[in-house]
Amino acid sequence: MLDWAEIDTVLLDMDGTLLDLHFDNHFWLEHLPLRWSEISGITLADAKAQLQSEYAELTGKIQWYCLDYWGERLQLPITELKREVMDKIQMRPDVPAFLTALKQSGRNVVLVTNAHPDSLSLKLERTDLAKYIDTLISTHEFGVTKESWALWQKLQQRLGFNNETTLFVDDSLPILTAAQNFGIKHLLAVANPDSQQQTRTISEFPAITDYTPLLQDILAHSKLEKVAE
């Protein structure tokens with residue numbers, strides 16, 4: 001599926017790729033509309049309808065991922081509301097072994113998320129991601145999202161990765177397409193980002209539902225061995 005002999009840099013999405021997307025889907029589709037309805041006095045149906053409409057308008061834009069934007073728009077403490085359901089923040093069960101193998105193989109592993117820094121901090125508080133990944137980047141640092149060509153240019157300037165030897169893993173097909181258009185050679189989709197939803201059929205990119213089958217190849221093509229030689 002992937003030529004690990006070529007790959008020395010691995011860029012990883014967070015939500016749906018390393019963490020179960022169920023938390024985010026539950027928060028934005030169920031919990032936030034419910035709390036907005038309770039606090040503002042509008043009906044739950046109206047809250048859901050209004051939010052769904054706004055989500056659709058902002059898809060792919062930095063505002064969609066920005067907790068400051070939603071806090072001002074809804075006059076709600078978004079991070080505090082996230083804490084009310086933070087027990088749902090969970091790593092995918094196959095991720096610790098996957099990240100361990102990447103680290104043991106000597107590859108440069110970078111988390112690149114569109115999540116707002118406050119959301120990233122909450123998830124680092126709840127999980128062990130920081131134990132496995134040294135470089136953690138929120139695209140809010142650049143003011144553009146992974147859907148944008150400009151982000152990939154800025155990210156490459158920051159990290160200095162080579163498109164030909166870089167793997168990017170994400171559960172979003174539009175984002176994977178943006179990375180492909182930028183020239184990232186190795187791409188991998190996650191077909192089951194939300195543990196509570198059905199696995200998707202993906203034909204546009206190589207796709208996995210479990211990282212475990214990749215571990216042997218990752219370790220068999222260790223970059224540390226090449227350096228030692």
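## Exercises on salt bridges and helix packing

Aspartate 13 and lysine 146 are both buried, where buried means under 20% relative accessible area, exposed over 50%, and partly exposed in between (1.4 Å probe, protein chains only). The model is predicted, so local features need pLDDT of at least 70 and side-chain atom pairs pLDDT of 80 or more, while totals for chains, interfaces and linings use all residues. Residues are numbered from 1 along each chain as its sequence is written, and side-chain values use heavy atoms, with hydrogens and water left out.

**Exercise 1.** Determine how aspartate 13 and lysine 146 interact, and locate both residues in the chain.

*Solution.*
Step 1. The two side chains form a salt bridge at 2.9 Å, N to O; the term denotes a side-chain nitrogen of Lys or Arg within 4 Å of a carboxyl oxygen of Asp or Glu.
Step 2. Aspartate 13 lies in the loop between S1 and helix H1 (22–40), and lysine 146 in the loop between strand S3 (135–138) and helix H9 (149–159), so the pair ties together parts that are 133 residues apart in sequence. Helices (H or I, at least four residues) and strands (E, at least two) are DSSP runs numbered from the N terminus.

**Exercise 2.** Characterise the salt bridge between lysine 123 and aspartate 15, including the accessibility of each partner.

*Solution.*
Step 1. The N to O distance is 2.8 Å.
Step 2. Lysine 123 belongs to helix H7 (residues 117–126) and aspartate 15 to the loop between S1 and H1; these distant parts of the chain are 108 residues apart.
Step 3. Lysine 123 is buried because its relative accessible area is 1%; aspartate 15, at 14%, is buried as well.

**Exercise 3.** Describe the salt bridge of glutamate 6 with lysine 185 and the network to which these residues belong.

*Solution.*
Step 1. The closest N and O atoms of glutamate 6 and lysine 185 are 2.9 Å apart.
Step 2. Glutamate 6 sits in the segment before strand S1 (9–12), whereas lysine 185 sits in the loop between helix H10 (173–182) and strand S5 (186–190), 179 residues apart.
Step 3. Glutamate 6 is partly exposed, with a relative accessible area of 28%, and lysine 185 is also partly exposed, at 42%.
Step 4. Salt bridges with shared partners join Glu6, Glu164 and Lys185 into one network. The structure holds 13 salt bridges.

**Exercise 4.** Specify the packing geometry of H1 and H2, and classify the contact residues.

*Solution.*
Step 1. H1 and helix H2 (residues 44–58) pack at about 125°, with their axes 9 Å apart. Axes are lines fitted to C-alpha atoms, for helices over the stretch in contact, and angles run from 0 to 180 degrees between N-to-C directions.
Step 2. The two helices are therefore oblique to each other: angles under 35 degrees count as roughly parallel, over 145 as roughly antiparallel, 65 to 115 as roughly perpendicular and the rest as oblique.
Step 3. Trp28, Leu29 and Trp36 are among the H1 residues that meet H2, whose contributors include Leu44, Leu51 and Tyr55; contact means heavy atoms within 4.5 Å.
Step 4. The residues of this contact of H1 with H2 divide into 10 nonpolar, three polar and two charged. Ala, Val, Leu, Ile, Met, Phe, Trp, Tyr, Cys and Pro count as nonpolar, Asp, Glu, Lys and Arg as charged, and the others, Gly among them, as polar.
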